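This report concerns one protein model, shown next.

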Amino acid sequence: MKIKAQTDNRICIELTHEDMLELDITYDELDYSNIETRRVLWTLLDEARLELGRNISLTQKMLIEAIPDNNGGCRIYFTVTDEQNNKKNSRQIVKHGCAKTVCQSSDINHISELAKVLFSAGHRIKSELFTDGANYRLVISPDSAMQSNIDATVCEFCDICDESSVSYTYEHWKLLASPDAVGILAVTF
């Protein structure tokens, strides 16, 4: 964990994948309405208070931004906002870099061929495999720099579903493999 004071009102905390495991939370689970997220954020702010020697009040209005990295960690920015412009104390989390590509095929072999190509190209991305009993969906989370290359590759093997299918897949489809479905498919098939 790295803690940096960027300004008097802004702190950046960089978390590795190991830090996330230790805190028992994933980037996808970060949601301020969730008590576990609040526990993690309070813990991080307390660590920052100790390391930076600052009085960091949890009662101030604060913008919290989370940005994932490619290795399972993330950066979280805490910015105390101007109290004069804000009557109510509140917090919100803004998550960046959440683009996901949903690939669908009725043939698992098409999905596994795609996984082999992605894996052999060296793409190490978070990926999850789902089924509804008749079709398979591979949900991949590339970083924005890889997005266009990934989408071009996917089109050769499967259909790309629209962005609204992500939440539907998580809610209604059965999870078969996560968080490295691409790696599992590449070596299994």
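The text below treats the sheet, its packed helices, a pocket and some backbone features.

The model is predicted: local features need pLDDT of at least 70, side-chain atom pairs count only at pLDDT 80 or more, and totals for chains, interfaces and linings use all residues. Residues are numbered from 1 along each chain as its sequence is written, and side-chain values use heavy atoms, with hydrogens and water left out.

Five strands make up an open sheet in the order β9-β6-β8-β7-β10, with antiparallel pairing. Strands (E, at least two residues) and helices (H or I, at least four) are DSSP runs numbered from the N terminus, and two strands pair if DSSP finds at least two bridges between them. The edges are held by β9 (159-161) and β10 (174-177); each has a single partner strand, so one side of each lacks a neighbour in the sheet. From one strand to the next the twist averages 35°. Strands β7 (residues 126-131) and β8 (residues 136-141) run antiparallel and are joined by six bridges; Ser127 has Ile140 of β8 as its bridge partner.

Two helices pack on this sheet, as tabulated. Contact means heavy atoms within 4.5 Å; axes are lines fitted to C-alpha atoms, for helices over the stretch in contact, and angles run from 0 to 180 degrees between N-to-C directions.

| α5 (residues 165-172) | β6 (101-105), β7, β8, β9 and β10 | about 120° with β8 |

In the loop between β10 and α6 lies Pro179, which a cis peptide bond joins to Ser178, with omega about 0°. Another backbone feature is found at Asp24, a residue other than glycine whose phi is positive, near 60°. Asp24 is placed in the loop between α1 and α2 (35-52), and its 60% relative accessibility makes it exposed. Thr16, in the loop between β2 and α1 (17-23), is partly exposed at 36%. The classes are buried under 20% relative accessible area, exposed over 50% and partly exposed in between (1.4 Å probe, protein chains only). Thr16 and Gly72 lie 56 residues apart in sequence, with 6.8 Å between their C-alpha atoms.

The lining of the second largest pocket comprises six nonpolar, four polar and three charged residues. Nonpolar covers Ala, Val, Leu, Ile, Met, Phe, Trp, Tyr, Cys and Pro, charged covers Asp, Glu, Lys and Arg, and the others, Gly among them, are polar. At least two lining residues come from each of β2 (10-15) and β4 (74-80).
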